[in-house]
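Please look over the model shown here before reading the questions and answers that follow.

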Amino acid sequence: MSAIRLFVVVEGDTEEAFVRAVLTPALADRGTWCRPLFAGDPSRAGSKTHGAPEYDVLRKEIIRVLKQQRSNEVRVTTMVDYYRLPASYLRLGGAEGWLPSSDAPRARAAAIEEAMRAAHR
């Protein structure tokens with residue numbers, strides 16, 4: 001069995017630094033190759049852009065990687081800062097745009113994860 005190749009689509013410099021400094025060495029010890037990728041426009045790298053890009057940008061990057069890296073060993077995940085993430089991010093909750101309040105972080109994360117799963121079915 002080949003080693004897992006994990007691509008982490010990141011939104012900014014902080015997430016990229018975390019992937020490089022923490023995740024990459026930890027996963028390498030377990031036989032997993034890991035690489036951060038900036039979401040969308042590669043010129044965002046080092047631009048100090050703040051906030052999660054639109055979900056369509058993340059989705060396109062995920063699909064691009066999966067099309068280029070056709071292998072059962074390839075995995076793609078995201079690392080974005082969900083703080084102040086607008087309800088419109090994934091068109092959650094229909095017309096009301098409802099998301100659990102920021103004081104319910106687990107419910108908020110679960111709602112975002114479910115919306116992401118539904119978007120890729």
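Q: What percentage of contacts in the protein chain between residues at least 6 apart in sequence join residues at least 24 apart?
A: This is a predicted model, in which local features need pLDDT of at least 70 and side-chain atom pairs count only at pLDDT 80 or more, while totals for chains, interfaces and linings use all residues. Residues are numbered from 1 along each chain as its sequence is written, and side-chain values use heavy atoms, with hydrogens and water left out. Taking contact as heavy atoms within 4.5 Å, the share joining residues at least 24 apart, among contacts between residues at least 6 apart in the protein chain, is 64%.

Q: In what order do the 3 strands lie in the open sheet?
A: Strands (E, at least two residues) and helices (H or I, at least four) are DSSP runs numbered from the N terminus, and along the sequence the chain follows β-α-β-α-β-α. Two strands pair if DSSP finds at least two bridges between them, and strand 1 (residues 5–10) pairs with strand 3 in the parallel sense over 6 bridges. The pairing in the open sheet is parallel, and the order of its 3 strands is 2-1-3.
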